[in-house]
2 protein chains.
Amino acid sequence: MSIIAEPLLIAGQWQLARESLGAFRAREPGTGDEIGPSFPVCGAADVEAALSAAASVADELAAAAPERIAAFLEIYADAIDADADKLVALAHAETALPAPTRLRGNELPRTSGQLRQAAKAVRGYRWTQPVIDTGAGLRSHLAPLSKPVLIFGPNNFPFAFNAIAGSDFASAIAARNPVIAKAHPSHPGTSQRLAQLAHQALIDAGLPAAAVQMLYHFDNALGLALAGDTRLGAIGFTGSRGGGLALKAAADRAGVLCYAELSSVNPVFLLPGALAERGEALAQEFFASCTMGSGQFCTHPGVVIVPQGAAGDAFVAAACAHIAAAGSSVLFSQGVLDHLHQGLSILREAGARVLAEGDAGEAAGYRHAPTLLGVDAATFLANPRALQTEVFGPVSLLVRASGSEEMAQLARAFEGSLTGTLYRAADGSDDAAWSLIATALRPRVGRLIANKMPTGVAVSPAMNHGGPFPSTGHPGFTAVGMPAAIHRFAALHSYDGVPDALLPRELHDRNPGGVPRLVDGEWTTADVGDSL
Amino acid sequence: MSIIAEPLLIAGQWQLARESLGAFRAREPGTGDEIGPSFPVCGAADVEAALSAAASVADELAAAAPERIAAFLEIYADAIDADADKLVALAHAETALPAPTRLRGNELPRTSGQLRQAAKAVRGYRWTQPVIDTGAGLRSHLAPLSKPVLIFGPNNFPFAFNAIAGSDFASAIAARNPVIAKAHPSHPGTSQRLAQLAHQALIDAGLPAAAVQMLYHFDNALGLALAGDTRLGAIGFTGSRGGGLALKAAADRAGVLCYAELSSVNPVFLLPGALAERGEALAQEFFASCTMGSGQFCTHPGVVIVPQGAAGDAFVAAACAHIAAAGSSVLFSQGVLDHLHQGLSILREAGARVLAEGDAGEAAGYRHAPTLLGVDAATFLANPRALQTEVFGPVSLLVRASGSEEMAQLARAFEGSLTGTLYRAADGSDDAAWSLIATALRPRVGRLIANKMPTGVAVSPAMNHGGPFPSTGHPGFTAVGMPAAIHRFAALHSYDGVPDALLPRELHDRNPGGVPRLVDGEWTTADVGDSL
């Protein structure tokens, strides 16, 4: 059966699916109506073609001059900026995310900026962490995996985490690995447009055309087979816990690295002093963070711990008032809506009560009322697994705790999360509580935050957008922040007794120019042999 | 059933096994005779006790002052040096490794030196890689996992890779994680003695007594259950591929990090110019590396690729003469001998012929003749999987190749290995061959070596004792070399908007003293806020 659908990008060619197993179109979240062209659900032959093509250029890409890799990243970043109108229109239609504030004002420049930061890391060799031991005759650095990286983009960032434009993509390419991008099927048109820009940028930069493939959709079984193929070097996955764990299991068995961002409830602890000081403002901050982007963030404040007492009651009342007055949230897809319903059921069955609901909105599209649930600490501690079920959407659970000791006990009941937040008083009156609760929370989260909702994720070398299992598969790596995010897709290479002329550029005696290297125990940008 | 056997070290107490499932004694490899006391095969209750004890002090250890951790490592190192006579006598009796040259002259000082290097990394905060972004208000560093690390020591390094004294141990403790040491049952007496020294050093340094547990043996099912326990943070394993893959699978499912060193054939390519220049000397070098330590090294030169032609023939003849004249090798155990027989069978069934055999020795103990096998490149390429079976012992396979192109083809047929070696001519005549073959070999090995057999592993910050799957489970980490080896047992922690007073010491504005930190994109040892 042949279905007329948009072509795939494989081996540098836009080509029709070899064996399409179906087709799908994007849907406008506000109405549920289909929009845009048909995209193919591709079969085994296309997946195999994409993998072979990517693998066939892995060595060539690994040997590419850093200058050329950086040029690609910058040309692509410029193309994204130049195409902003078209990209934002497509992404807005497919995701219903606010066009001026979120997509145009924030996410698109963040995406092109991230590509440029990756380019800078490549040009300056910084991500390679050169280490030289002249006495032992050993030199090491981080190098390409020399195998393709398979990237699954999530539904919630059509640009900044897109499989063909986001942090995983920029990281994998910066480490000079070919990419097989698997678009999220809820925004195929945006992904296609980005793939067209990436493809042209590859040509302009003179990189192998098969350095990047774009597939729009394939079924789970095919995804698992691909994840477990030893020709693959690594996987970058951002998405649901179930899907991510299945991919991780398949990859682990084959020795394929799997960097999966799986789930996170991002507990927020409101300390008593902070509540007394500015409870009303905190309720507003919380409400904004809970409902922004319809709550569809991996750093969504899913559980908020509020002390008992008058200040806590006032916070809850104010938060409930905000939620009750809120309009309906438009979600990305029927799948997100179904998943949200499931999560709500699990929470309610475990004893959470609805404290406030906003407007459910009209029946059209994928809408849900912002919802605030509540539970007491004892109930939470009796069933912490169910009550920390991630609900992807404008839903948070308030947990009332008797004091710092119980808050610390709650902190210890959390699985690994991307973030953990504590709001503390400016006058230092919360310092004892901070010490108790932050100590308990610290090993369970990747980023510990003071006085700020967790939703924002700055692209910074000091960022950790990662965390202990099950928030991700490895607590030592971040998915955001250059150059650290690049390290995920690199292999450590050591050279033992290899003459200077046969070493990679950044390990030569002569520093390529301003590259910080650890030479005989000291960080230096000097040439080897120069007196310090 | 109660069996009188040596006590286990659990929770800071030497205690008899709760439910011993049997007992075993060490055996003298040269005779097979049992020596020393009986050690318990422990059951589930002891494993649970060890895990609970270790987990219960994880937070306390994570909060310990670096000074105290460093003091422990140094006190322990001094104790090992002071106890050298006794330790070397025990290890020699249990392993038959040469006492003066290998154990006393090399491995023991390497072990205490490695502990001191770990102490230095701890004192200088170097392993924590502090990153500060003042603009974004973000600071990050590497921090303890705050969970126990389970370490399986191998049979072949009774000191330097011992579960309670080697690189994994030093690394896990340096990162301030508690350790559950699983001794290798072929040298329980050595492991016990080290555990006694470690225990006393813990007390002297004022660290929690349950920071280190020592178990001597447990069955595979119990090991897999422990590996898959979510209370565990990570595993350090050095041993056989089968055992390591089973542990890795159990750990992966539970989100426990598993750093496993699994298997490696360490291909050695002799380029034509080098052979012509110094073929006779290379045969001697190869022979020494192949038979040293009875060939029981993870960096053993398992496969040597030799060009066809007169110089290659001369090398093979000389290598065969060395092997034929060699005395029998004493192996660690019946298990190693059985495994060696299995490996030889697989190689011979796949077409390898015996080129030379040394003396098989008397029937007593665990002896085998050093053995050289040969195969042509076409046969190897037709069955690369079987012909790169790791044979742990004094056995190597010579592969004859027609020229550089075929050597490069062979290089591409190798799975991931710890090392890859090329011998090249001093006059540059091998440079074209180097380029071809090293390019093919590079992504398949952790350490690329010129003109040196792979057996030696220097403890250096530029070392990579690691490599692509299946030589290890993650190509980005090394098991040897401070401070890099410590990174395996660390979590990335980011602090967002957290006031200076509430940050860990090395992230304060004020540099703790000479710590290189990445501050706003520049490496510096200055305080934050100081003008550069």
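This is a predicted model: local features need pLDDT of at least 70, side-chain atom pairs count only at pLDDT 80 or more; totals for chains, interfaces and linings use all residues.
The points below cover a sheet with strands from chains A and B, the contact of the two chains, and a helix pair in chain B.

**The sheet**

- The sheet is open and has 12 strands, with mixed pairing.
- Its order is E15(A)-E17(A)-E18(A)-E13(A)-E12(A)-E19(A)-E20(A)-E21(B)-E6(B)-E5(B)-E22(B)-E23(B).
- Strand E15 (353-357) of chain A and strand E23 (522-524) of chain B stand at the edges.
- Each of these edge strands has a single partner strand, so one side of each is left without a neighbour in the sheet.
- From one strand to the next, the twist averages 25 degrees.

**Strand pairs within the sheet**

- Strand E12 (residues 268-270) of chain A runs parallel to strand E13 (residues 303-307) of chain A, and 2 bridges join them.
- In this pair, A:Val268 stands opposite A:Val304 of E13(A).
- E20(A) pairs with strand E21 (residues 490-496) of chain B in the parallel sense, over 3 bridges.
- A:Arg447 has B:Ser494 in E21(B) as its bridge partner.
- In general, strands of a sheet pair through backbone hydrogen bonds, either parallel or antiparallel.

**Contact of chains A and B**

- Chain A gives 55 residues to the contact, and chain B gives 55 residues.
- On the side of chain A that touches chain B, the elements giving two or more residues are strand E5 (131-133), strand E6 (138-144), helix H9 (241-254), strand E20 (445-450) and strand E21 (490-496) of chain A.
- E21(A) supplies the largest share of that side, with 7 residues.
- The side of chain A that touches chain B divides into 31 nonpolar, 16 polar and 8 charged residues.

**Helix pair in chain B**

- Helix H4 (residues 84-95) of chain B and helix H5 (residues 99-123) of chain B have axes that come within 10 Å.
- The two axes cross at roughly 125 degrees, which makes H4(B) oblique to H5(B).
- The crossing of H4(B) and H5(B) is right-handed.
- H4(B) makes the contact with B:Ala84, B:Leu87, B:Val88, B:Ala91 and B:His92.
- H5(B) makes the contact with B:Ala99, B:Leu103, B:Arg104 and B:Leu108.
- The residues of this helix contact are 7 nonpolar, 1 polar and 1 charged.

Key
Residues are numbered from 1 along each chain as its sequence is written. Chains are lettered from A and ligands numbered from 1 in the order in which they are written. Axes are lines fitted to C-alpha atoms, for helices over the stretch in contact, and angles run from 0 to 180 degrees between N-to-C directions. Helices (H or I, at least four residues) and strands (E, at least two) are DSSP runs, numbered from the N terminus. Angles under 35 degrees count as roughly parallel, over 145 as roughly antiparallel, 65 to 115 as roughly perpendicular and the rest as oblique. A crossing is left-handed if the near helix is turned anticlockwise from the far one by less than a right angle, and right-handed if clockwise. Two residues are in contact if their C-beta atoms, placed from the backbone, lie within 7 Å. Ala, Val, Leu, Ile, Met, Phe, Trp, Tyr, Cys and Pro count as nonpolar, Asp, Glu, Lys and Arg as charged, and the others, Gly among them, as polar. Two strands pair if DSSP finds at least two bridges between them.
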